[in-house]
Amino acid sequence: MPRRSREELLAEYDRQLTLYEILYNWTMKSLVEELVSNGTLSPADDPLLASRRARESKALSAELSGLNQAINDCIEASQELSSNEQSGLTADLISAGFPTIFELSNDNYSKLKNALKRGKINTEEEYYLASDFLTQVDAKIEGIDKHQLAHLAERFAETHSQ
């Protein structure tokens, strides 16, 4: 794949940042506010503010990877929302031109199935999706073999820890 220009990376980062802001406001904002108010988290370390600051990084491609991981965390956290909250989140996503939360979740599982199909985890995003899935004791999804996925994740970790 050809290398993307800074302008292309910025455009993608901005779009993903908008998605993250919507997901963050529904899934993480109250927790972060609580952590800030009790002194556990510095206001400067708010993940949304950090993501906004990261836009100016010289290593924008790496920052985009981190932002995508934060988005995946929010998608996972959205499963804990009530049905009314999920409806509100879905409405916000659609009004901003994004897929529904259900479609975003399915995209993540499709990424895992594709990694299994090709027999290799290619990116950090896929690695963290696999790791998150593997930590869920009761997670069972048709077409995803946890043992094979664990093997792929171990191989990725070994080759990328050097």
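**Exercise 1. Describe how helix 7 crosses helix 8, and the contact that they make.**

The crossing of helix 7 with helix 8 is left-handed, a term used when the near helix is turned anticlockwise from the far one by less than a right angle, with right-handed used if the turn is clockwise. The structure is a predicted model, in which local features need pLDDT of at least 70 and side-chain atom pairs count only at pLDDT 80 or more, while totals for chains, interfaces and linings use all residues. Residues are numbered from 1 along each chain as its sequence is written, and side-chain values use heavy atoms, with hydrogens and water left out. Helices are DSSP runs of H or I with at least four residues, numbered from the N terminus.

Next comes the geometry: the axes of helix 7 and helix 8 (residues 146-160) come within 10 Å and cross at roughly 135°, where axes are lines fitted to C-alpha atoms over the stretch in contact and angles run from 0 to 180 degrees between N-to-C directions. Helix 7 and helix 8 are therefore oblique to each other, given that angles under 35 degrees count as roughly parallel, over 145 as roughly antiparallel, 65 to 115 as roughly perpendicular and the rest as oblique.

The last step is the contact, meaning heavy atoms within 4.5 Å. On the side of helix 7, Glu124, Tyr127, Ala130, Phe133 and Leu134 take part, and they meet Lys146, Leu149, Ala150, Ala153, Phe156 and Ala157 of helix 8. Sorted by class, this contact holds nine nonpolar, no polar and two charged residues; here Ala, Val, Leu, Ile, Met, Phe, Trp, Tyr, Cys and Pro count as nonpolar, Asp, Glu, Lys and Arg as charged, and the others, Gly among them, as polar.

**Exercise 2. Work out the relative orientation of helix 6 and helix 7, and list the residues in their contact.**

The axes of helix 6 (residues 101-118) and helix 7 (residues 124-135) come within 10 Å, crossing at roughly 105°. That angle makes helix 6 roughly perpendicular to helix 7. Helix 6 contributes Asn108, Tyr109, Lys111, Leu112, Ala115 and Arg118 to the contact, and helix 7 contributes Glu125, Glu126, Leu129, Ala130 and Phe133. By class, these residues divide into six nonpolar, one polar and four charged.

**Exercise 3. Describe the packing of helix 1 with helix 4.**

Helix 1 (residues 6-27) packs with helix 4 (residues 60-77) at an angle of about 25°, their axes being 9 Å apart. That makes the two helices, helix 1 and helix 4, roughly parallel, and helix 1 passes helix 4 in a left-handed crossing. The residues of this contact divide into 16 nonpolar, four polar and three charged. Among the residues that meet are Tyr13, Tyr20 and Leu23 in helix 1, and Glu63, Leu67 and Ile71 in helix 4.

**Exercise 4. Which residues have the most contacts inside the largest nonpolar core, and which elements give two or more residues to it?**

A nonpolar core is a set of buried Ala, Val, Leu, Ile, Met, Phe, Trp, Tyr and Cys residues joined through side-chain atoms within 4.5 Å, with buried meaning under 20% relative accessible area, exposed over 50% and partly exposed in between (1.4 Å probe, protein chains only). The largest such core has 26 residues, and Tyr20, Leu23 and Leu93 are those with the most contacts inside it. Two or more residues come from each of helix 1, helix 3 (47-54), helix 4, helix 5 (83-95) and helix 6, and helix 1 gives the most, with nine residues. Apart from neighbours within four places in sequence, Tyr20 is in contact with Pro47, Leu48, Ser51, Leu67, Ala70, Ile71 and Cys74. A second, separate core of twelve residues includes Leu112, Leu116, Ile121 and Leu129.

**Exercise 5. Are Gln69, Glu125 and Glu63 buried, partly exposed or exposed?**

Gln69, in helix 4, is buried, with a relative accessible area of 17%. Leaving aside neighbours within four places in sequence, Gln69 is in contact with Glu124, Glu125 and Tyr128, and the C-alpha atoms of Gln69 and Tyr128, 59 residues apart along the chain, are separated by 7.1 Å.

Glu125, in helix 7, counts as buried at 17% relative accessibility; beyond neighbours within four places in sequence, Glu125 is in contact with Asn68, Gln69, Asn72 and Lys111.

Glu63, in helix 4, is partly exposed, with a relative accessible area of 29%. Not counting residues up to four places away in sequence, Glu63 touches Tyr13, Ala54 and Ser57.
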